[in-house]
Amino acid sequence: MKRNTKPMENYNRKRGEETRERVLKAIDFYKEKGEISVTLVCQKAHISRTYFTNHPDVRKVLDDAIGITNRKLKKRMQSQDSKDALNKALYTQIKKMQKQIEQYQKEESYKEKYENERAKNESLKKKLDEANLQNGLLNF
């Protein structure tokens, strides 16, 4: 007597297709999220890691998704590194300009001091000239 295994084969094929769909949906979900790994996909699809050993075609889909996500992440990291480098350069430039401003302020204060002392000097010269005129002395 020959066994009728058709119903069991149909059930296993249907179950395998459903599992494959769950895995592919999990891969798509984490690919869109931008964070993907074998562990995350296994947890989401309720499968073991050996599923990928037995289904290399699905493993290739997962590996491709991981590669794409990692490249996007690397680009984001590079752009962040670029931003950090730009920020550091700008910070250095700001510090340099602040030192230059301090130097200019010192020079301005010296100009003011010079002008004040020159004005005092002129005032003292006038007073000396007036005193000399009052005393009948000649101007030198």
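**Entry 1: overall layout**

I began with the order of elements, which runs α-α-α-α from the N terminus of the protein chain. I noted that the model is a predicted one. My tally for the protein chain gave 4 helices and 0 strands. I then looked up burial and found that buried residues make up 14% of the 140 residues in the protein chain. The protein chain exposes about 12400 Å², and carbon and sulfur atoms supply 54% of that area. I also examined contacts with a separation of 6 or more, of which 49% join residues 24 or more positions apart.

**Entry 2: helix α1**

I turned next to α1, which has 28 residues. From its first C-alpha to its last, α1 reaches 40 Å, close to the 40 Å expected at 1.5 Å a residue. I listed the buried residues of α1 as T19, V23, A26, I27 and Y30. I kept in mind that an α-helix has 3.6 residues a turn, so residues three or four places apart point the same way. Just after α1, I found G34 with a positive phi of about 90 degrees.

I looked at T19 separately, as a residue of helix α1. T19 counts as buried because its relative accessible area is 12%, below the 20% cut-off. Leaving out residues up to four places away in sequence, I found T19 touching I47 and Y51.

**Entry 3: the nonpolar core**

I then asked which residues of the largest nonpolar core touch the most other members. This core holds 17 residues, and those with the most such contacts are V23, I27, I36, V41, I47, F52 and L62. I traced the elements that give two or more residues to this core, and they are α1 (6-33), α2 (38-45), α3 (50-54) and α4 (56-135). Of these, α2 gives the most, with 5 residues. I recorded as background that nonpolar side chains tend to be buried together in soluble globular proteins.

F52 counts as buried because its relative accessibility is 3%. Setting aside neighbours within four places in sequence, I found F52 in contact with V23, V38, V41, C42, I47, V58, R59 and L62.

**Entry 4: aromatic pairs**

How many aromatic pairs are there? I counted 2 aromatic pairs. One of them joins F29 and Y30 in an edge-to-face arrangement, at 5.0 Å centre to centre and with 80 degrees between the planes. F29 is partly exposed because its relative accessible area is 37%, whereas Y30 is buried, with a relative accessible area of 10%.

Y51 and F52 also form an edge-to-face pair, at 5.9 Å centre to centre and with 85 degrees between the planes. Here I found Y51 buried, with a relative accessible area of 10%, and F52 buried at 3% relative accessibility.

**Entry 5: charges over rings**

Lastly, I asked which residue lies over the face of F29. I found K44 there, at 4.2 Å from the ring centre. I also examined the ring of F52, where R59 lies over the face at 5.9 Å from the ring centre. I had already listed R59 among the contacts of F52.

How values were computed
Residues are numbered from 1 along each chain as its sequence is written. This is a predicted model: local features need pLDDT of at least 70, side-chain atom pairs count only at pLDDT 80 or more; totals for chains, interfaces and linings use all residues. Side-chain values use heavy atoms; hydrogens and water are left out. Rings of Phe, Tyr and Trp (its six-membered ring) pair if their centres lie within 6.5 Å; planes under 30 degrees apart count as stacked, over 60 as edge-to-face and the rest as tilted. Buried means under 20% relative accessible area, exposed over 50%, partly exposed in between (1.4 Å probe, protein chains only). A charge sits over a ring if NZ of Lys or CZ of Arg is within 6 Å of the ring centre and within 35 degrees of the ring normal. Contact means heavy atoms within 4.5 Å. Accessible areas come from the Shrake-Rupley method with a 1.4 Å probe; for residues, only the protein chains shown count as cover. A nonpolar core is a set of buried Ala, Val, Leu, Ile, Met, Phe, Trp, Tyr and Cys residues joined through side-chain atoms within 4.5 Å. The expected span of a helix is 1.5 Å times one less than its number of residues.
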